[in-house]
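Please have the sequence and the model at hand while reading.

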Amino acid sequence: MEGTAAEIGARLAASAAALEAEREAPRFHPMSAPIDLSYTLIENYERCPACFYVSQVLGLGEAPTPELSLGGLVHQALEIHAKAWREAEAEGREPPDAAALLAEGRTRYLAQVRAGGVAEGVTLDELLAMLSMANRMLEENRAEILEVERRISMPYVVDGAGHRMIAKLDRIDRTQAGIRIVDYKTGAASKAKLEPKKDDLQLGIYAMVVRHEMPEVGGHAEYWLLRTGQRGSIELDAIDEDKVRARIDKAVRGMMAGEFPSRPGQSCRGLCAILGP
Ligand code: SF4
């Protein structure tokens, strides 16, 4: 490369400036509106913003797995069962029994295994025990089933920017006390699930989207714990929507400001390494 000493000096200075700019470039790019918000999205951001950035924004680090998901199988079988239950009630017939639900679960489990799914960590007995429990809870807490796997979306504004809040509800029933929003849980029981607080993020978001559609409605939002048969319930009126919104708004502001610090916790999977030092 030829040139005067002054030209060479200018080229060197330009490449040094480019290197410096690269070094100072932000590691994270802010997200922009509209964002499709959901309980899972907000919860993932709250747990570790850096991990959220790698998996949700960059789309990295989530290896596809052939493992059967206990939660997925339970939800699928219960969706079919609850729809059949609702249909039978509408036609004045007896709802399907536990045997029908167990048959549904068994068929789905075996179909997935035959399709190449690996039953690692999920046994057929475990699945059937959970479905048996779910049916017992349905029998013991009988109510009219209004909606099954209902997806609700509502506009959600933070600092003037419009987003969408999207929720998929396992079930909505009509009881004597109003409606009952039900979310099935297949994990271990915990105090947070047995005694939901007034700023419970998941039930708070579910109550908010339902009330967006039915502003005057009262009733309860509940976790149904399918390992133990327990229910964690909170009255819709007891949910502090302002507190729930404050949690959501804080997370959205962080996403839009490009704030994705790492927050080490029990669920660390080493994704920080992708982001470099
Ligand atoms: S390894 Fe831990 S701290 Fe790092 S991004 Fe993942 S969850 Fe966050």
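Where does Pro34 lie?

## A cis peptide bond

The model described here is predicted. In this model, Pro34 belongs to the loop that runs between helix 1 (5-24) and strand 1 (36-37). The peptide bond leading from Ala33 into Pro34 is cis, and its omega is near 0°.

## Positive phi values

Glu149 is a residue other than glycine with a positive phi, near 50°. Its place is in strand 2, which covers residues 144-158. The relative accessible area of Glu149 is 16%, so this residue is buried, as the cut-off for that term is under 20%.

Asp159 also has a phi near 50°, again a positive value in a residue other than glycine. Asp159 is located in the loop between strand 2 and strand 3 (161-175). With a relative accessible area of 59%, Asp159 is exposed, the cut-off for that term being over 50%.

## The surroundings of the ligand

Which residues are around the ligand? The shell contains Cys48, Ala50 and Cys51, together with Ser262, Arg263 and Pro264; Cys268, Arg269, Gly270, Leu271 and Cys272 complete the list.

By residue class, this shell around the ligand divides into seven nonpolar, two polar and two charged residues. Arg263 and Arg269 are among the residues of the shell, and arginine counts as charged.

How values were computed: Residues numbered from 1 in each chain as written. Predicted model: local features only at pLDDT ≥ 70, side-chain atom pairs only at ≥ 80, totals over all residues. Heavy atoms only, no water. Helix = DSSP H or I, 4+ residues; strand = E, 2+ residues; numbered from the N terminus. Buried < 20%, exposed > 50% of the residue type's maximum accessible area, 1.4 Å probe, protein only. Near = heavy atom within 4 Å.
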